[in-house]
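Please take a moment with the sequence and the structure below before reading on.

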Amino acid sequence: MSHKRVPKRKIVFAGAGAAAVAAAAIILPNANASQDDKAEAAQPKKVDAASAADIAAELASQLGEAFGGAYYDKDKQQVIVNVVGDNNDVNVEVKSAGAVARKVDNSTKALQTAAKTLKTKATIPGTSWSVDPKTNELRVTADSTVTGAKWDRLESTVKSLGDGMATLKKSTGEFKPFVAGGDAIFGGGARCSLGFNVTTDSGAPAFLTAGHCGVAAEQWSDSQNGAAIGTVQDATFPGDGDFALVTYDDANTEAPSTVNTGDQTVDIVGAGEATVGQQVQRMGSTTGLNDGSVTGLDATVNYPEGTVSGLIQTDVCAEPGDSGGPLFSADGQAIGLTSGGSGDCTSGGETFFQPVTTALEAVGAKIGDGGAAGGGGAADDGGAADGGAADGSGAAGDGAGADGAGGAADNG
């Protein structure tokens, strides 16, 4: 597969989600008796995952270098905020926001610095790393192809980061985009899946899919060797993401903002940032509907085709043919587009998703006919790459791809 940027429009990255990982320090008020009383009186709020992401982003901007990440405790429905140091003012801010303060050693800034070291010294095909706020470390993974000198290099780099900064583990699978032949949407000999229907900044109907689909072919059909229904306008892979924008060739195409899961249709009402601990669902043409949780953010994956950064990591299983399928929440938030990973739905594995908010911001589109680009629901990336949309994975309802596979392809 040839990987290149389709030069239709210039993509400008706005760094969606940066507020949650890179905070600007501000001056906190001095502690006083009333503040202490307020902090003691404040009780942790019970919130949903979408609200948790908003609280985490707000505290990231308030706490500065004392912020060490945050995650969602789904059982208690609380936001857990990692705090570095013993500044009482910081704890007051966290408690006043309704979150739970948790003392840790590593700030987000320190973890980002460690990630840059990995990028410089250990960008090896078959490796990945992401920020895991639950352990307050970088989670570094090597697939089965990383052996010998490559493994030694990776291991020594992780050790050089210092104690408590990163953990290293082996995966039995192989990191790769999930590509396979079969039904869904087709282009240039590749099979992909429609992720989420969107509306472009000019008002045209379109859909998001994986970038490694967008660079594989410029035109896409809803049947193998069928007439084209959509044309790629933007595609990014590898690099700062894995997403593509495909506009429908028929401007009158009905492109509803839904995901067909087979048993029901989920209305997609907006797009939101992922939160570690958040429960999510994924549709794919090979394995259908599967669920799990977000396990890491700001993930970097070194595929054989090149490095992709800024992804979401999950424990939701996937297999070849699922790539590009939508990742979403039960309440209809678009979260991500299936990029790739390792393993399968028998043994498990790691999967990575392109954040929908970043893709929308980059291409200047919005989910369905509502919700601003990069706007803030709780939904996650829903991509359409390489076979994720069949059997209901797309976001356009009942038509695209074989077996009613999601997306609006047939509606065109």
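Strand β14 (residues 243–248) has six of its six residues buried, so this strand is largely enclosed by the rest of the structure. Here, buried means under 20% relative accessible area, exposed means over 50%, and partly exposed lies in between, as found with a 1.4 Å probe on protein chains only. Helices (H or I, at least four residues) and strands (E, at least two) are DSSP runs, numbered from the N terminus. The model is a predicted one, in which local features need pLDDT of at least 70 and side-chain atom pairs count only at pLDDT 80 or more, while totals for chains, interfaces and linings use all residues. Residues are numbered from 1 along each chain as its sequence is written, and side-chain values use heavy atoms, with hydrogens and water left out.

In a regular strand the side chains alternate between the two faces of the sheet. In β14, Phe243, Leu245 and Thr247 point one way, whereas Ala244, Val246 and Tyr248 point the other way, and all of them are buried.

Which strands pair with β14? Strand β11 (residues 205–209) is joined to β14 by four bridges, and the two run antiparallel; two strands count as paired if DSSP finds at least two bridges between them. Within this pairing, Phe207 stands opposite Val246 of β14. Strand β13 (residues 228–236) also pairs with β14 in the antiparallel sense, over six bridges, and there the bridge partner of Asp234 is Leu245. β13 and β14 form a hairpin with six residues between the strands, where Gly239 takes a positive phi near 125 degrees.

Elsewhere in the chain, three strands form an open sheet in the order β1-β2-β3, with mixed pairing. Its edge strands are β1 (67–73) and β3 (100–104), each of which pairs on one side only. From one strand to the next, the twist averages 25 degrees; for such angles, axes are lines fitted to C-alpha atoms, for helices over the stretch in contact, and the angles run from 0 to 180 degrees between N-to-C directions.

Strands of a sheet pair through backbone hydrogen bonds, either parallel or antiparallel. β1 and β2 run antiparallel and are joined by five bridges, with Val81 in β2 as the bridge partner of Ala70. These two strands form a hairpin with four residues between them, and Gln77 in the turn has a positive phi of about 55 degrees. By contrast, β2 (residues 78–84) pairs with β3 in the parallel sense over five bridges, where Val83 stands opposite Lys103 and Val84 has Val104 as its bridge partner. Strand β2 is mostly covered, with six of its seven residues buried.

Helix α4 (residues 88–96) lies across β2 and β3 and runs at about 170 degrees to β2. Together, β2, α4 and β3 make a right-handed β-α-β unit, a crossover being right-handed if, with the strands pointing away from the viewer, the path from the first strand over the helix to the second runs clockwise.

Turn next to helix α6 (residues 148–160), whose 13 residues reach 18 Å from the first C-alpha to the last, close to the 18 Å expected at 1.5 Å a residue; the expected span is 1.5 Å times one less than the number of residues. Which residues of α6 are buried? They are Leu154, Thr157 and Val158. Seen down the axis of α6, these buried residues fall within an arc of 100 degrees, so they line one face of the helix; the arc is that of the directions from the helix axis to the C-beta atoms. On the other side of α6, Ala149 and Lys159 are exposed. What covers the buried residues of α6 includes α5 (108–121), β4 (127–132), β5 (137–142) and β6 (166–170), where contact means heavy atoms within 4.5 Å. Helix α6 is followed by Gly162, whose phi is positive, near 105 degrees.

Helix α8 (residues 356–363) is mostly covered, with seven of its eight residues buried, among them Val356, Leu360 and Val363. Just after α8, Gly364 takes a positive phi of about 70 degrees.

Finally, consider the chain as a whole. Its secondary structure comes to eight helices and 24 strands, and 56% of its 412 residues count as buried. Among contacts between residues at least 6 apart in sequence, 69% join residues at least 24 apart.
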